[in-house]
Amino acid sequence: MSTLNSNPIAKAVRSALIAGTAVAAAMPAVYAAEEEGATSEKVVITGSRIRRTDVEGANPVVVLDRQAIEATGKASVGDILQDLPAAGSAINTVFNNGGDGSTEVDLRNLGANRVLVLVNGRRWVPGIGGTVDLNNIPSAIIERIEVLKDGASAIYGSDAIAGVVNIFTRKDYEGAYLNAYYGENEEGDGTIENYDFGFGVAGDKGSLFMAGSYLQQSEILAGNRAISAVPVFGTTPDNFGGSSGTPQGRFLGLTPGGGFFDQTLTPDGNFTPWGPNSPFNFAPDNYLQTPSKRSNLFVTGNYEISDSVMFTTEAFYSNRRSSQLLAPTPLFIGYYSSGLGQESYLAADNPYNPFGFDLTSSYTDWLDSFNNGGSLGWLGFFGRRMVEAGGRDFAQDVDQFQWSAGLNGSFEAANRFFDWDVNYITSYVQQNDLTEGLLNMQRLNQALLGPSSGCGDGCVPFNFFGGQGVDGQGTITQEQLDYVLFTAQDTAESTMDSFSANISGEIIDLPAGALGFAAGVESRKLSGFDQPDALIAAGITSGNARQPTKGSYSLDESFVEFAAPILRDMPGVEMLELSLAFRNSDYSNFGSTTTSKVGLKYKPIDDLLIRATWAEGFRAPTVSELFLGNSDSFPTVSDPCSAIGSLDADSSGVIELDEATSAGIPGCAGVNATYVQPNPQIRITVGGNEDLQPEESDSHTFGFVYAPSQVEGLEITADMWQITVEENIGTLGAQFILNSCATAGNFCNLIDRTSVGNVQDLFNGLLNTGKLEVEGTDLTVTYKMPETDFGSFRFIWDTTHSKEYGTFDEQTDGSISYNDFVGVAGDRIVLPEIRSNLNIFWSMDDFEATWQMRYISSTTEGCDLGNGGAPGAGFENTNNGNEVALCSDLDPLTGTDVTGDGNVTVADYNAYNHENEVKSSVWHDVSFSYYLADINGKLTVGGINVFGKDPAVSYSTFANSFDPTMYDVPGAFWYFRYNQQF
C-alpha cells in the first residue's frame with residue numbers, strides 16, 4: 001500500500017486541493033491511503049476543458065473544499081471569497097449607502113464584472129449589471145470551490161479577464177444531514193442564523209440530491225459603534241461632515257430689501273443664527289451591517305439511460321429579502337439645491353411662512369424685484385431633515401431561478417474513448433424594490449404655496465418652519481407627510497438562456513504521450529430591464545431620477561483546446577507539455593472576436609514544476625452598460641470655475657475663506673466671477689451607450705510548484721502575474737470633464753450651468769476609454785508536519801504582493817498620464833501592496849482546531865475633508881486647521897507662508913501633503929471542533945476577529961470612517977455550529 005506522499009498522482013491531487021488553498025482546512029479523505037494499483041479517474045480542472053489525471057496544470061488554481069469553507073466560520077460564500085489574498089474590493093452586506101444586499105467577488109482589483117462565476121462548470125445567471133450575487137448560493141450545497149487566478153476567455157468566453165470562480169455542488173450524496181449555525185457580535189447585535197438540510201439517494205441507475213437553506217442576518221446600526229457614530233471619526237459633526245439638512249432647518253436667503261439671513265430654529269421654534277454647532281449628525285441612523293433573509297432550494301439528479309448515456313438535471317431557486325437604511329430624507333429647496341428644488345417658490349400666503357413675503361429660488365427674478373423696489377425675497381437655500389417620516393428604507397425582494405438539463409456520455413472511435421455532453425440552461429433574476437421616505441417634489445412645491453396661490457382643494461400646505469419641536473418628535477403632521485411622501489416601486493429582471501455541446505478525448509499519440517483535445521459550441525442570449533417607479537422616471541422626486549433600461553443581445557461561440565506532451569522521461573526533462581486554446585465569439589450587437597491562450601508546463605525534476613501562460617481576454621458590455629437609461633448621480637467634485645478663495649489664519653488658528661474670483665480661466669468665460677460652488681456634490685447624468693465595444697486584455701503568468709522530496713509535506717508555490725486591460729468601459733469622470741472644459745475648452749457641451757454659474761447638470765456617459773495594468777506575485781507555502789504525540793499540524797501561508805495598479809488616462813491636452821495606485825486607498829476601494837493569510841490546523845483523535853491570521857498592509861489616502869462652508873456642504877470654514885491636525889502625517893497649520901509669496905493663502909494650505917495613513921491590520925480567527933462519533937455529529941465553536949480589532953480609520957471612504965469592502969465590522973464575532981449526519 002502506498003501513501004499520498006509517495007504517489008506522484010496523489011501528490012498532484014494534494015497540491016490542487018490543499019497547497020493552493022488560502023483558507024484550507026484538513027479533509028481526512030485527502031490524506032487517506034490509496035489502494036495499490038488503483039486507477040486514477042480523469043477529471044476536469046478549472047482553466048481547461050480537457051479531462052486528465054495530472055491535475056497540476058499550467059494555470060494557477062486555488063481550491064477550497066468543504067472543510068476549508070467551514071473552517072472560515074463565515075456563513076456567506078461571498079464573504080469567504082472576499083478574504084482570499086488575491087481578492088479586491090467588492091460590494092457586500094456591510095455596504096449600506098449604495099449597496100443592494102448582494103455580495104460579489106473581485107480578483108486583482110479589476111472589478112467583479114471581470115470575474116466569471118460558474119456553477120458546476122456552467123455560467124451562473126448575472127444581474128442586469130453583469131455581476132453575480134454569491135449570497136444566493138448556500139454554502140451547504142457546495143462540495144468545493146476552484147478559483148482560477150488567470151485569464152481564460154479562450155476557454156470560457158466573456159468576463160474571464162481577472163479569473164474564474166467555479167463552484168461545484170454536492171452530487172451522488174447518500175444519506176441526510178442537518179446543520180445549524182448561530183453567531184453574534186460581541187456587542188450583542190449583528191446576529192446570523194443559518195439552517196440547512198439535505199438528503200440524497202443513489203442506486204445502480206442514478207442518484208438524487210435535494211438541499212434547502214435559510215439564513216437570517218440582523219442589522220448593526222452605525223450609531224452603536226464609535227467609529228461610525230459620527231460622519232468623520234475623531235471629530236465632531238459641527239466641524240466635519242455634519243449636514244445642513246437638520247431637523248431644526250437651515251434658512252439662507254435675502255429679504256426683498258437685500259438683507260442677508262442665515263438662520264436655524266431653536267427647539268421651541270424661534271429663529272437663531274446658524275452657527276458652528278448647528279450641523280446635523282446623520283451617521284447614527286444608518287446601517288453599519290445590513291439585514292437580510294435568504295431562502296434556497298437546490299435539486300440535482302442523474303439517470304443512466306444506457307451504459308454510455310446519462311441524463312442530468314439541476315434546479316435552483318433562491319429568494320433574498322434585504323434592506324439598507326439611511327438617515328431621514330434631507331429636504332433641500334432653493335437656488336443652491338438641485339432638481340425641482342431649484343424651482344421651489346414659498347408663497348406669502350402659505351400659512352406657515354414666517355416671513356410675510358414671497359420667496360423665489362430664481363436669483364434673477366429676485367434681482368429684478370430688488371432693482372424695482374419689489375417685495376420678493378430670495379430663497380437661497382432652505383434645508384430640513386424629515387425626521388417625522390423616519391429613515392429612508394431601501395428594500396429588495398430578489399428571486400433567482402436556474403434550471404439545466406443535459407445528456408453526457410462516452411463513445412469509442414478508432415480505439416479511442418471520447419467524452420461528450422450537451423446542456424441547456426434557462427435562468428432569471430427578478431428584483432422588486434421598495435423605497436420608503438422619498439418625497440414627491442412636485443407636490444411639495446405645490447404645498448409651499450397658499451390657498452390663493454396654488455395650494456387649493458386637495459392640497460395640504462407644508463410646514464417647513466416648525467423644527468423638531470420641544471419634544472423632539474417633529475412638527476410636520478401626518479396629513480402633510482401623506483401628501484408629499486410616496487413609496488417607490490421599482491422592478492428589474494435579467495434572463496439568460498444557453499445551449500452548449502462539448503467533446504473531449506485523445507486524438508493521436510505523440511512520442512511523449514497522447515494529444516489531449518476538447519472542442520465545443522455554445523449559443524447564449526441575455527436580456528434585461530430596469531423599470532423605475534413612474535415618479536422617479538419623471539424626475540419629480542427627492543431621490544435620483546432614473547430612466548427605464550431595456551435591451552438584449554445574443555451570441556454564438558465555438559472553441560477548441562489542445563494539450564500536447566512534447567517531451568517526457570528524458571535527461572533534464574521529466575515532462576514538457578504545451579497547451580493551446582482558441583475561441584471565436586460572434587455577438588449580435590458588435591460582431592465577432594477571437595481569443596487565444598497558450599500554456600506551458602515543464603518538470604526538470606520530479607520535485608519541481610515550472611509553468612507559464614499567456615492569454616487574450618475580453619469582456620462584452622453588459623445589458624446595463626449598453627442600454628442603461630439616463631439617471632442622476634451626485635459625486636463630490638471641485639468646480640474649477642468656482643471662486644478660488646484664500647485662507648487666512650488668525651491668532652487663534654481659525655482659518656477663514658476670503659472672497660476671490662476665478663477670472664482668467666479660459667473655459668470659465670461667462671461664469672459670474674463671484675460664483676462660489678454651493679455644494680461639494682453636484683448633479684450629473686449617467687447613462688448607457690449602445691455603441692460600446694468589448695474590453696480587451698492580455699494576461700501573463702509565470703511560476704513554479706516545488707515539493708522537495710527531502711522535506712516531506714512541504715510545498716512552495718509562486719506565480720508572477722500581469723494583466724493589461726484596454727478599451728475599458730467607463731466614464732471620463734465629472735471632475736475630468738469640468739477640468740477639461742475649464743483649461744482647454746473640451747467637453748463644455750456636456751456641462752449645463754445656470755446664468756450665475758451653478759452646474760445644474762453634467763453628462764458623464766459610458767465610453768470605451770483608458771487602459772489598466774496590474775502586476776504582482778502570489779506565494780503559497782504549505783507544510784504538513786510528521787505525526788506527533790500531540791496530534792497533526794499543518795501550516796498554510798498564502799500571500800499576494802501587488803506590484804502595480806497602473807492607469808493610463810488621456811489628459812485635457814490629449815497626452816496620456818500614468819498613475820500607479822498600489823498602496824493607495826480611495827472611496828470604497830483599497831489597493832494594499834500585501835494581503836496575506838496564515839493558517840494553522842491541528843487535529844488529534846476527535847478534536848480539531850484552526851487559527852487563521854489575516855493581514856492587510858497599510859495604504860495612504862487623500863485627507864481632504866472639505867474646506868468649504870457653502871450652504872448645503874455641511875463643512876464649516878474652520879475645517880482646515882483641524883483637518884491638518886487630524887491627518888496622521890501632517891503638522892497643524894499655523895499660518896506659515898510655505899510658498900514664500902508673502903501671504904498665507906490657499907496655495908500654502910495646498911503645499912502640505914494632504915495624506916493619511918490607513919494603518920495595516922491583522923485579524924485573528926479561531927475554531928474548535930469535536931466529532932461525536934457515536935451519533936455522527938460535529939460540534940464547532942469559534943470566533944472571527946477574536947481580539948475585537950477595530951478597522952483602520954479612513955477619511956476618504958464615503959461613510960462609517962472605514963472601508964466596507966476590505967475591513968471587518970468592529971467587534972469580535974462568536975459563533976456555534978452543529979452538523980448532524982444521518
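Two strands pair if DSSP finds at least two bridges between them, where strands (E, at least two residues) are DSSP runs numbered from the N terminus. In strand β5, the bridge partner of V119 is I167. This is a predicted model, in which local features need pLDDT of at least 70 and side-chain atom pairs count only at pLDDT 80 or more, while totals for chains, interfaces and linings use all residues. Residues are numbered from 1 along each chain as its sequence is written, and side-chain values use heavy atoms, with hydrogens and water left out.

**Strand β2 and its partners**
- β2 pairs with β5 (residues 163-169) in the parallel sense over five bridges, and with β3 (residues 122-123) in the antiparallel sense over two bridges.
- In β3, the bridge partner of L118 is R123; β2 and β3 form a hairpin with two residues between them, and N120 in the turn has a positive phi of about 55°.
- Five of the five residues of β2 (residues 115-119) are buried, so this strand is largely enclosed by the rest of the structure (buried means under 20% relative accessible area, exposed over 50%, partly exposed in between, with a 1.4 Å probe and protein chains only).
- V115, V117 and V119 cover one side of β2, and L116 and L118 the other.

**Aromatic rings**
- The structure holds 39 aromatic pairs (rings of Phe, Tyr and Trp, its six-membered ring, with centres within 6.5 Å; planes under 30 degrees apart count as stacked, over 60 as edge-to-face and the rest as tilted).
- F251 and F271 form an edge-to-face pair, 5.8 Å centre to centre with 80° between the planes.

Note on methods. Helix = DSSP H or I, 4+ residues; strand = E, 2+ residues; numbered from the N terminus.
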